[in-house]
Amino acid sequence: KNINTWKQTQWPKLKNDLILRAVNGDKTDRAPVWVMRQAGRYLPEFLALRADHSFFECCQTPTLSSTLTLQPIQRYPLLDSSIIFCDILVVPQALGLEVLMEPQRGPVLPSPLIDPGHLTRLKTEVDVEKELGYVFEAITMTRRKLEGKIPLIGFCGAPWTLMAYMVEGGGSKTFEKSKSWLYKWPEESKGLLKRIADVCADLLIGQVLAGAQLLQVFDSWAGELTPHQFQQFALPSLLHISHKVHHVLSTLGHPSIPIILFPKGVHSPQSLRLLSDPKITGYSALGLDWTLDPVEVREIVGMKVALQGNFDPVVLYGGREGIEREVERVCNRWKLAGGGWIANLGHGITPGVKPEDMGWFLECVHRFSKR
Ligand code: CP3
């Protein structure tokens with residue numbers, strides 16, 4: 001549907017393009033800022049809406065997803081981007097697996113993929129319009145409601161991170177089951193990663209055609225892999241996604257859309273170097289977690305790729321003075337590092353943060369990231 005309609009769509013003119021400039025490597029007057037999980041349980045208005053609807057109902061109902069996406073935008077005029085409210089686990093659902101969100105435990109997949117024999121349980125052809133069309137509807141609705149104030153980010157999980165959930169049946173500390181797959185069944189693992197990547201790419205393409213102006217791929221568990229495994233398994237599937245997205249969009253005559261990759265926990269210089277050239281990888285920016293130093297990363301990756309991050313999410317519990325001091329310190333490291341910079345936390349904001357502390361954090365980033 002979107003394949004045929006995007007050309008006719010008239011969008012409101014974009015008033016704040018700071019993040020689109022930073023992701024392309026431009027030095028901006030101050031850093032654009034957004035926060036992973038900015039629509040989440042630290043907001044009373046989020047909890048109020050969630051009280052009446054299950055988590056996946058919120059993801060799958062465009063009006064609810066759109067309302068939740070806009071909650072932090074209405075509360076914090078200092079945010080420079082919105083991100084559509086959804087979850088990375090809608091892709092395993094589209095592939096045919098059941099995913100539940102349990103209040104204390106987080107995501108649970110009651111029937112995980114035990115061994116390659118279970119691969120036949122996955123759909124071979126996934127019609128994303130049919131399975132995930134609600135995401136596209138939510139995007140179109142939300143971009144309209146944003147009235148060009150700030151851009152809208154679309155996203156998906158990375159194949160390795162999704163495979164980990166699909167094999168473990170939920171979160172994990174050791175990733176014993178999913179990493180065993182890589183050792184025992186390397187070829188079947190690559191096949192599974194490729195199948196997941198195809199759905200991820202179609203999901204991202206659909207989001208762009210529906211109105212997403214920027215994309216992010218979340219590889220939350222990339223840091224659990226050895227550098228060798230990252231290069232053998234995770235990276236090829238990440239490249240499959242970016243290349244397919246760019247290729248299909250250009251075939252459709254759509255302007256190219258920048259993609260941010262968040263390879264959480266990937267610290268090996270050889271792996272980072274493989275991600276350092278957007279012309280080769282198709283990823284314009286890399287998200288860093290808080291255990292990395294921006295100056296050190298710049299020395300490894302050079303200046304071609306933009307960077308995002310990387311405040312410790314726990315700084316938001318540091319009180320006004322603690323937040324101010326740390327934001328100033330980290331901003332100074334980023335100024336020293338140079339190149340395109342999108343300010344963000346190094347992982348998602350957590351439920352215990354006070355909403356006013358998030359507001360203060362944003363104020364501090366605006367102030368101390370000024371050049
Ligand atoms: O950033 C945003 O505001 C957009 C929405 C968004 C959510 N999840 C909403 C959400 C995004 C981008 C995600 C991505 C996501 N989901 C990731 C990658 C980022 C990361 O955190 O590493 C992962 C690994 C998931 C899977 C997932 N979903 C987990 C592990 C959990 C439980 C975590 C927890 O803190 O309990 C979720 C649930 C989830 N996704 C919530 C939200 C707001 C909270 C659950 C609730 O409302 O009950």
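Start with N310, which is found in strand β8 (residues 306-311); helices (H or I, at least four residues) and strands (E, at least two) are DSSP runs numbered from the N terminus. Show the backbone here: the peptide bond from G309 to N310 is cis, with omega near -15°. Before moving on, two ground rules. Residue numbers count from 1 along each chain as its sequence is written. The model is predicted, so local features need pLDDT of at least 70 and side-chain atom pairs count only at pLDDT 80 or more, while totals for chains, interfaces and linings use all residues.

Most residues other than glycine have a negative phi, and most peptide bonds are trans. Now select R37, in the loop between α2 (18-23) and α3 (44-50). R37 isn't a glycine, yet its phi is positive, about 65°.

Then hop to F175, in the loop between α8 (159-168) and α9 (176-184). Its phi is also positive, near 55°, and F175 is partly exposed, with 18 other C-beta atoms within 10 Å.

**The sheet**

Switch to cartoon and colour the strands. You get an open sheet of seven strands in the order β1-β4-β5-β6-β7-β8-β9, with parallel pairing (two strands pair if DSSP finds at least two bridges between them). The edges are β1 and β9 (341-345), each pairing on one side only.

Zoom in on β4 (residues 152-157), where six of six residues are buried. In a regular strand the side chains alternate between the two faces of the sheet. Here L152, G154 and C156 are buried on one side, and I153, F155 and G157 are buried on the other. Which strands flank β4? Two bridges join it, in parallel, to β1 (residues 82-83), with I83 opposite I153. Five parallel bridges link β4 to β5 (residues 214-219), where C156 stands opposite V217.

Keep I153 selected. It counts as buried because it has 20 C-beta neighbours inside 10 Å. Beyond the residues within four places in sequence, its contacts (C-beta atoms placed from the backbone, within 7 Å) include S82, I83, L214 and L215.

**The core**

Next, click V217 and look for F155, C156, L238 and F262, which are among its contacts outside the four places on either side in sequence. V217 is also one of the residues with the most contacts inside the largest nonpolar core, which has 120 residues; W160 and L204 are others. A core here means buried Ala, Val, Leu, Ile, Met, Phe, Trp, Tyr and Cys residues joined through C-beta atoms within 7 Å. Helix α10 (residues 186-210) supplies the largest share of this core, 13 residues.

**Last stop: the ligand**

Select the 22 residues around the ligand (C-beta atom, placed from the backbone, within 6 Å). Which come nearest? A39, G40, G106, F218 and S220 do. Colour this shell by class and you'll see twelve nonpolar, six polar and four charged residues. Nonpolar covers Ala, Val, Leu, Ile, Met, Phe, Trp, Tyr, Cys and Pro; charged covers Asp, Glu, Lys and Arg; the others, Gly among them, are polar.

Notes: A residue is buried if 20 or more other C-beta atoms lie within 10 Å of its own, exposed if 12 or fewer, and partly exposed in between; C-beta atoms are placed from the backbone. Two residues are in contact if their C-beta atoms, placed from the backbone, lie within 7 Å.
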